[in-house]
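Please look through the sequence and the model shown below before reading on. The briefing that follows is meant to be read alongside them, one topic at a time.

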Amino acid sequence: MANKGKSQGDVETVLKLIKDHGVKIVDMRFTDLIGQWQHFSISMGEFSTDAFEEGVGFDGSSIRGFQKIHESDMLLMPDPTSAFLDPFTAVPTLCIICDVADPITRENYSRDPRYIALKAESYLKSTGVADMAYFGPEPEFFVLDNARFDQSSNYGFYYLDSEEGAWNSGNGEKQNLGHKIRYKEGYFPVAPLDTLQDIRSEMVLTMESIGIPVEVHHHEVASAGQTEIDMKRDTLTKMADNYMKYKYVTKNVAKRNGKTVTFMPKPIFGDNGSGMHVHQSLWKGGKPLFAGNGYAGLSEMALYYIGGLLKHAPALCAITNPTTNSYKRLVPGFEAPVNLAYSQRNRSASVRIPMYSSNPKAKRIEFRCPDPTCNPYIGFPAMLMAGLDGIINKIDPGKPLDKDIYDMTREELKGVPSAPGSLPQAIEALERDHDFLLRGDVFTKDTIEVWIEYKREKEIAPMALRPHPYEFMLYYDA
């Protein structure tokens, strides 16, 4: 049952928060299967503590990946430990992240992404392998000044612009002070080249005000406002909650400053795309399990975990790189790590072992394929389940690749597998290889089937049917 184990003390903490801050509105939030935050709001005159036990009804048939219309009634069960004050509303508003439940059985809903995350943590404990999985994603995104796009029967276009964009170095429509960031040279110049310091700082301080610890922020490699803000690692479900808050904060701080944020993996042609490298480690009894005497200071368990990630990476990409645009970034020969190999320090490998610290508590692995369109509530569990499959079945990751993969010849790379080259290929891989996700009922068959069906019908097929603007450059005079 949703919210099982939540104490009266947790509810009382919420009530104190409401009283202390004069809250007028309670905002109920949950995530659709695709990864978009959804919400509706209740006035304090209608909200009561009964909601924590009884839930609040909503129409599940209107939510992507959820119910059919003849089974539309669903319940939201607020998690009192997730409450935070909305930093953007004029009216004092308390946001509570909710789990989704069936109103008849009162059981958690199998396609609720947050439930999948909670089940993954429970399954981990049941294996006896570990009792805690820590995740630390590093999402990248663009802060832009203008974003226009449209699509119809007889036209289709997009137009993006940024004050920092290298393409604006010759713009004479208004006063131009130069200081544009050259393509692929956005990693780490100071102002006046970096124009986003104050906005990033505002994002960080806003995140911290709602309980998200932040380690660092900086400009990223690409021209035109590419940015990275890194949260401090946390346990799987808490980090997924924090990532949804992260997106909410970055987009709304940007809007407040007259700018716009996109998490698209590849919005700008000819420059770096946005990835989301995900740091991962397992712990048990308060002790780290990935530190050892093996390669790069790893334990045997960590190497098996890597083996599972590499073996299942093609299927994982259907979840961790879930858009057609994702594969404009995952292209051989460019900056994204498409070769399924592991290495210490080496950022051209799809699995990297960071070597910043000799402290066993800092020992972790970094999976570099994912991008920020990933739904964290299913992406983090999918990576965990792949790693656990590697541990359970003692999957050998092979030899490390301690050289610049981008400089290797095609002949040298012949034995190195690569990530899928398109979303259809990734979906086919997931269709073939998903038994590891079904262990412990973490993912259910219906969830995987609905995911595959949605991606094919709503994203892959519509993209395949439409002319691309560049096709006119290539073929109009044929």
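Predicted model: local features only at pLDDT ≥ 70, side-chain atom pairs only at ≥ 80, totals over all residues.

The structure holds 18 salt bridges, and the count of cavities of 30 Å³ or more comes to three. There is a largest nonpolar core of 96 residues, together with a second, separate core of 22 residues.

**Nonpolar cores**

- Among the 96 residues of the largest nonpolar core, the ones that touch the most other members are Phe135, Leu282 and Leu384.
- Helix H6, which covers residues 300-320, gives the largest share of this core, with 13 residues.
- Leu384, when residues up to four places away in sequence are not counted, touches Ala120, Leu124, Ala133, Phe135, Leu236, Leu282 and Tyr305.
- The second core, which is separate and has 22 residues, includes Val14, Val56, Ile63 and Phe66.

**Cavities**

- Rolling a probe the size of a water molecule over the atoms shows where empty space is left.
- The largest cavity has a volume of about 50 Å³, and the residues that line it are Leu33, Ile319, Ile378, Leu430, Phe443, Thr447, Ile448 and Trp451.
- Helix H11, which runs over residues 445-465, supplies the largest share of this lining, namely three residues.

- Side chains of opposite charge can pair when their charged atoms come close.
- Arg114 and Asp99 form a salt bridge through their side chains, with a distance of 2.9 Å from N to O; Arg114 belongs to helix H3 (residues 113-127) and Asp99 to strand E6 (residues 93-101), so that the pair links distant parts of the chain, 15 residues apart. Both Arg114 and Asp99 are buried.
- Arg111 and Asp446 also meet in a salt bridge, at 2.7 Å from N to O, and here the partners are 335 residues apart, with Arg111 in the loop between E6 and H3 and Asp446 in helix H11.
- Arg111 is buried because its relative accessible area is 12%, which falls under the cut-off of 20%, whereas Asp446 counts as partly exposed because its relative accessibility is 26%, a value between 20% and 50%.
- Arg256 forms a salt bridge with Glu202, and their closest N and O atoms are 2.7 Å apart. Arg256 lies in helix H5 (residues 236-256) and Glu202 in helix H4 (residues 197-209), so this pair ties together parts that are 54 residues apart in sequence.
- Arg256 counts as partly exposed at 48% relative accessibility, and Glu202 counts as partly exposed at 23%.

- Thr31 is found in strand E1, which covers residues 25-31, and it counts as buried because its relative accessibility is 4%, under the cut-off of 20%.
- Leaving aside neighbours within four places in sequence, Thr31 is in contact with Gln36, Trp37, Phe66, Asp112, Pro113, Met244, Asn375 and Tyr377.
- Ser299 is found in the loop between strand E15 (287-288) and H6, and Ser299 counts as buried at 11% relative accessibility.
- Leaving aside neighbours within four places in sequence, Ser299 is in contact with Leu289, Phe290, Ala291 and Gly292.
- The C-alpha atoms of Ser299 and Tyr243 are separated by 29 Å, and these two residues are 56 residues apart along the chain.

**Backbone features between E9 and H4**

- Most residues other than glycine have a negative phi, and most peptide bonds are trans.
- The peptide bond from Tyr187 to Phe188 is cis, with omega near 25 degrees, and Phe188 lies in the loop between strand E9 (156-161) and H4.
- The peptide bond from Ala191 to Pro192 is cis, with omega near 10 degrees, and Pro192 is found in the loop between E9 and H4.
- His179, a residue other than glycine, has a positive phi near 50 degrees; His179 has its place in the loop between E9 and H4 and counts as partly exposed at 46% relative accessibility.
- Lys184 is not a glycine, although its phi is positive at about 65 degrees; Lys184 is found in the loop between E9 and H4 and counts as partly exposed at 41% relative accessibility.

How values were computed:
Residues numbered from 1 in each chain as written. Heavy atoms only, no water. 1 Å grid on protein atoms, 1.4 Å probe; cavity = no way out; pocket = protein on both sides within 12 Å on 5 of 7 lines; lining within 4 Å. Points joined across faces, edges and corners; volume = space filled by probe spheres on them. Helix = DSSP H or I, 4+ residues; strand = E, 2+ residues; numbered from the N terminus. Buried < 20%, exposed > 50% of the residue type's maximum accessible area, 1.4 Å probe, protein only. Contact = heavy atoms within 4.5 Å. Core = buried A, V, L, I, M, F, W, Y, C linked by side-chain atoms within 4.5 Å. Salt bridge = Lys/Arg side-chain N within 4 Å of Asp/Glu carboxyl O.
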